[in-house]
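Q: Please take a close look at one part of this model, beginning with a single residue and its surroundings. Then go on to the contact between the chains and to the charged pairs.

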Amino acid sequence: MPDAELPIMVARNVHKSFGPTEVLKGIDIDVHRGEVLCLVGASGSGKSTFLRCINHLETIDRGVIVVDGQLVGGTVVNGRVHEAAPADIAARRSRIGMVFQQFNLFGHLTALENVLLAPMKVRNENRGTALERAHRLLDRVGLHDRKDHYPGHLSGGQQQRVAIARALAMEPTLMLFDEPTSALDPELVGEVLDVMRDLAASGMTMVVVTHEMGFAREVATAAAFMHDGRIVEQGDPHQVITQPRDQRTRTFLGRVR
Amino acid sequence: MSSLRTSPDLDQLVALSDTRPVRRRKPGETALVAVIAVLVAFGGAILFTNPRFDWPTVGRYLFDVSVLHGIAVTLELTVYAMVVGIVLGVVLAVLRQSASPVARGAAWLYIWFFRGTPVLVQVLFWGFASALFPQIGLGIPGGPMLFGVDTNLVVPLFAAAVLGLGLNEAAYMAEIVRGGLISVSHGQAEAAGALGLTRMQTLRHVVLPQALRVIIPPVGNQVISMLKMTSVVLVIGVRDLLGSVTEIYSRNYRQIALLIVACIWYLVMTSILTYLQSRLERRLGRSVSPMRSPQDA
């Protein structure tokens, strides 16, 4: 299978500004199938912004991001990247799962309905097929007995696990995690990391923005340290996290440990 | 505590533990009740001793066929005008949230115009639409008409009334819906977008259902106020409840009695709507449990 050799996600020369502030100053990185890339760095270093650019929640000013062989937010016409049609963007996003810091479960739907919505509305699956998968996924994140609860009646850790099941329901080729445990009480972090660890072990390709260095050391297959809109160090997670070469990486890791 | 213990009557006080305390009289309250009683008595006396109220006539026309027909017209106007108002109001609210400055500007202009002129004037305008545009059809502006029909045929008075009331209502509804849309956190739309839902699907399945909780209570008020506002269509000759009674009293000159008939029916209808509204709000409040912050569940 020659496709297995191609990276699932390729970012080249990605630039992004908010008004006069340049938050991404040329990001280059590849993610291969089955890889778990942890993006670490101080707040404001641009790591969350870069993650949001991968599924086009933020537009980029320059550069390309290719996921599964396609530009997420653009279409090439006569050698130039044009903004893609909204329907195309939606279709490409549907193959990229995203988990947010604030969970963002749909408040008017039960856990089960949260997992069912996108497969039924976006992929037009029949209820039986979607239901079968939703039950299986809620079981996988250990919340089958909470399937009829509304998000307001679930703990933060439970909400985040439902959010992971909701993203998996679209059978994504790539999962993005934006500080998935930062809004959780310390005692609830473990249950979410367990689900992510299990997901990584099953071969899911993941890009994770996190401050959980223990998780990064244990689960990541690659790590990148971002500082001031640039990747200053990337590669083997043990090297980046345990024996960083860059002074800025060392200073940051000294603070979070 | 210490004074109680040293009191020689302690046993006497303890012996009272089985009795109920006597409520303290509030002189202000008593006076208020007296004043209201006198006013009600006077009011009642005037209502029933002044023969010009003409209660027998009120009774005779309360269930008159043309009055009942007028009630039906009033209810129809209310329903149609609210449907026009709500549908157009949602469209305007979405346009006002749009990324396009042209769309936002157009919605703003609409709301500015329809909130800035009296509904009575707007209804009159629609009633006289045939004077402004004698023909409706396809043509070149300022040039010849290629195909057209008489405005009076396409826009009968009833439709003119619905348009006048509904287009005015849409301007108010737009602001109510916009408030509801704003109340739904942006993360909800982002999560829907990340799952691959289109903007329309996100609006329909994620944002609007959650906005309803905020939108429904004020819409109830709008329905009640629309029911009464429909009476302005009298000016273009639509025979709603008020139109029917005025038509009757223009023949028999029993204005007061017939206006009382109209008031009774308006009160009956608004009372029913108020009751329904309070039930709906209670149900809404029950189904939506208070959202706890993620940490304290």
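**One residue and its surroundings**

A: Leaving aside residues up to four places away in sequence, Asn55(A) touches Val72(A), Arg93(A), Ile96(A), Met98(A), Leu176(A) and Ala194(B); contact here means heavy atoms within 4.5 Å. The model is a predicted one, in which local features need pLDDT of at least 70 and side-chain atom pairs count only at pLDDT 80 or more, while totals for chains, interfaces and linings use all residues. Residues are numbered from 1 along each chain as its sequence is written, chains are lettered from A and ligands numbered from 1 in the order in which they are written, and side-chain values use heavy atoms, with hydrogens and water left out.

Asn55(A) sits in the loop between helix 1 (47–54) and strand 4 (62–67) of chain A. Helices (H or I, at least four residues) and strands (E, at least two) are DSSP runs, numbered from the N terminus. With a relative accessible area of 0%, Asn55(A) is buried; buried means under 20% relative accessible area, exposed over 50%, and partly exposed in between (1.4 Å probe, protein chains only).

The size of an interface is often given as the accessible area lost when the parts come together. Here the area buried between chain B and chain A is about 2300 Å², and carbon and sulfur atoms give 60% of it; buried area is the accessible area (1.4 Å probe) that two parts lose on being put together, summed over both.

Between chain B and chain A the count is one salt bridge, a salt bridge being a side-chain nitrogen of Lys or Arg within 4 Å of a carboxyl oxygen of Asp or Glu. In it, the side chains of Arg52(A) and Glu190(B) meet at 2.5 Å, N to O. Seven residue pairs are in polar contact between chain B and chain A, both residues being at pLDDT 80 or more. A polar contact is a pair of N or O atoms within 3.5 Å; within protein, one must be able to donate a hydrogen and the other to accept it, and residues adjacent in sequence count only if both atoms are side-chain atoms.

Chain B as a whole has 14 helices and two strands. Of its 297 residues, 34% count as buried. Among contacts in chain B between residues at least 6 apart in sequence, 72% join residues at least 24 apart.

Over all chains, the count comes to 22 salt bridges. Within chain A, the side chains of Glu191(A) and Arg161(A) meet in one at 2.9 Å, N to O. Glu191(A) lies in helix 6 (residues 186–201) of chain A and Arg161(A) in helix 5 (residues 156–168) of chain A, so this pair ties together parts that are 30 residues apart in sequence. Arg161(A) is buried at 12% relative accessibility, whereas Glu191(A) is partly exposed at 23%.

Arg197(A) and Asp194(A) form another salt bridge, with the closest N and O atoms 2.7 Å apart. These two residues are separated by about one helical turn because they are three residues apart in helix 6 of chain A. Arg197(A) is partly exposed at 27% relative accessibility, and Asp194(A) is partly exposed at 44%. Elsewhere, Arg123(A), Glu125(A), Arg133(A) and Glu171(A) are linked in a network of salt bridges.

In chain B, Asp54(B) forms a salt bridge with Arg254(B), the closest N and O atoms being 2.6 Å apart. Asp54(B) lies in the loop between helix 3 (27–49) and helix 4 (55–62) of chain B, and Arg254(B) in the loop between helix 13 (241–252) and helix 14 (255–287) of chain B, so the pair ties together parts that are 200 residues apart in sequence. Asp54(B) is buried at 16% relative accessible area, while Arg254(B) is partly exposed at 36%.
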